[in-house]
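Colleague: I would like to learn how to read the features of a model. Please show me the structure, and we can go through it together.

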Amino acid sequence: MLTLDPGSPFPLVSQIVEGLHRLIADQSLKAGTKLPSIRSFAAAHGVSVFTVVEAYDRLVAQGWLVSRAQAGFFVKQRPGDPAAGAEASRPDPRFDARWYLKQIFENRHLELRPGCGWLPPDWLFEEGVRRSLRHLAGEGDKLGGYGLPRGYMGLRVAIAEALAEAQIAVSADSVLLTQGSSQALDLAARRLVKPGDTVLVDDPGYPNLMFMLRFLGARLVGVPRTSTGYDLAALEALLVEHKPSVFFTQPRLQSPTNSLAPISQLYRVLQLAETHDVTLVENDIYVDLDPQARPSLASLDQLKRVVHVGSFSKTISPNIRVGYLVAAAALIDDLTQLKMVSGLTSSGFTERIACGALTEGRWRKHLKSLRERLGDAHGHVAQRLTSLGFQLFHEPKAGLYLWARHPDLHDSSELSQQAVASGIMLGPGRLFLVEPRPTGWLRFNVAFSEDERIYRFLQGQIQRQVTGSAS
């Protein structure tokens, strides 16, 4: 039924729980199926009966199994199971930012997740987090109460020093810590955008940001991304026509295209922003995944017209929810006040965890290893996609994503619905467009795209399309 690895650092109980969870989620074990008895399972896999008891009990508590007296353990009927009715199993037809925000987390149980936006746990800085937690355990007397309005000073100093290395001259007082980059973007949007304002965003771009801005009453206009960065002619025309107040953009390793804007384009974007009196909000959350030292809008502008956003979710852990925002002093004061109004302070505890991970001595080694691992994954995934006939938008061999399409797969939303039934989470391109429409583009997270089952599924879909067209 499943294979256990006694030599793995992952506990046997957890291996059993995750293995059975996976088999249930992908319908290999259907609702109502009886599991082997505790003793039979233990004997078949060479583990203690106590290990199996704990694993089965966890699965019961999580709602995956049900225990029946004198009968044993059975796979529990769940509302989303096909056997629960065709209506419950029908894929949700809505593909928009709201759907994405909900589904991207609810479908985390799917075994294959090439469409997700995070890194596997063993790619993150787990060792640094553990070391930081052990250190904090000895400082229990310092962990009570609220944090500081702008966040833990030690981390703000560390961020200011890192930004100085990137040629962004700021003091710790200009750093505002947030609950991930999402809160940083939300604070910037609430301070800079009024209902009815026209706001520029990358197109394709970040669906959660688009939803956030529309919720504030903004009218969104998309700035086309190209494989080499910005379409500067289109940007200038949009500035003249729409007179926006803000441009939210991601010059480096942009999601979903993974494109990079060169320094010449950054200078031109700053010139246009100055001419048309536009504030630039630079989302630079992938900076630590970039193997090359490149200038940013903030480094060229020194925060005169740029708000700079960063995060540790892609490198340390998304679970600690630590991001940051840097801006001119007067704007930071306003943003700090907004942060206090909406949620008082951020978590000093998780900020201390992040600070410990950054300063414990292995951070740079971790980043080097992570960048190399991503580069290798890019090479492999790009080769597999192109071997199936996919066209790649850009191939930087860095960052998280590849943006790709196949000439025979015209609607990636429909494809993604079919993929869910096969236990695969894809990233359909429609989600990332400012004006949603059918498209063949897909976003692949290279860290989750090396499993051959993904390519077998894609090949099968391609063959069906070709066969259907021929007939």
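Colleague: Leaving aside its neighbours within four places in sequence, which residues is I424 in contact with?

Modeller: First, the ground rules. This is a predicted model, in which local features need pLDDT of at least 70 and side-chain atom pairs count only at pLDDT 80 or more, while totals for chains, interfaces and linings use all residues. Residues are numbered from 1 along each chain as its sequence is written, and side-chain values use heavy atoms, with hydrogens and water left out. Contact means heavy atoms within 4.5 Å. By that rule I424 touches L110, L112, P114, A419, R453, I454 and F457.

Colleague: Where is the place of I424, and is I424 buried or exposed?

Modeller: Helices (H or I, at least four residues) and strands (E, at least two) are DSSP runs, numbered from the N terminus. I424 sits in the loop between helix 16 (412-421) and strand 13. Buried means under 20% relative accessible area, exposed over 50%, partly exposed in between (1.4 Å probe, protein chains only). I424 has 1%, so I424 is buried.

Colleague: Next, the sheets. What is the strand order in the open sheet of three strands?

Modeller: Two strands pair if DSSP finds at least two bridges between them. Here the order is 11-12-13, with antiparallel pairing. Strand 11 (391-392) and strand 13 (442-445) are the edges; each has a single partner strand, so one side of each lacks a neighbour in the sheet. Two bridges link strand 11 to strand 12 (residues 401-405), with Q391 opposite R405. Strand 12 and strand 13 share four bridges, and L402 has F444 as its bridge partner. Four of the five residues of strand 12 are buried.

Colleague: Which helix lies across strand 11, strand 12 and strand 13?

Modeller: Axes are lines fitted to C-alpha atoms, for helices over the stretch in contact, and angles run from 0 to 180 degrees between N-to-C directions. Helix 15 (residues 363-387) lies across these strands, at about 5° to strand 12.

Colleague: What is the order in the open sheet of eight strands?

Modeller: The order is 3-10-9-8-7-4-5-6, with mixed pairing. Strand 3 (175-178) and strand 6 (229-230) are its edge strands, each pairing on one side only. Strand 9 (residues 306-311) and strand 10 (residues 323-326) run antiparallel, joined by four bridges. H308 faces V326 there. Helix 10 (residues 232-242) lies across strand 4 (198-203), strand 5 (219-226), strand 6 and strand 7 (246-249), at about 165° to strand 5.

Colleague: Now charges. How many salt bridges does a search of the whole structure find?

Modeller: Side chains of opposite charge can pair when their charged atoms come close. A salt bridge is a side-chain nitrogen of Lys or Arg within 4 Å of a carboxyl oxygen of Asp or Glu. The search finds 25. One of them joins R190 to D186, with the closest N and O atoms 3.1 Å apart. Both residues lie in helix 8 (residues 180-192), four residues apart, about one turn of the helix.

Colleague: Which parts does the salt bridge of D284 and R252 tie together?

Modeller: The two side chains meet at 2.8 Å, N to O. D284 lies in the loop between strand 8 (279-283) and helix 12 (297-301), and R252 in the loop between strand 7 and helix 11 (263-275), so the pair ties together parts 32 residues apart in sequence. D284 is buried at 4% relative accessibility, and R252 is buried at 7%.
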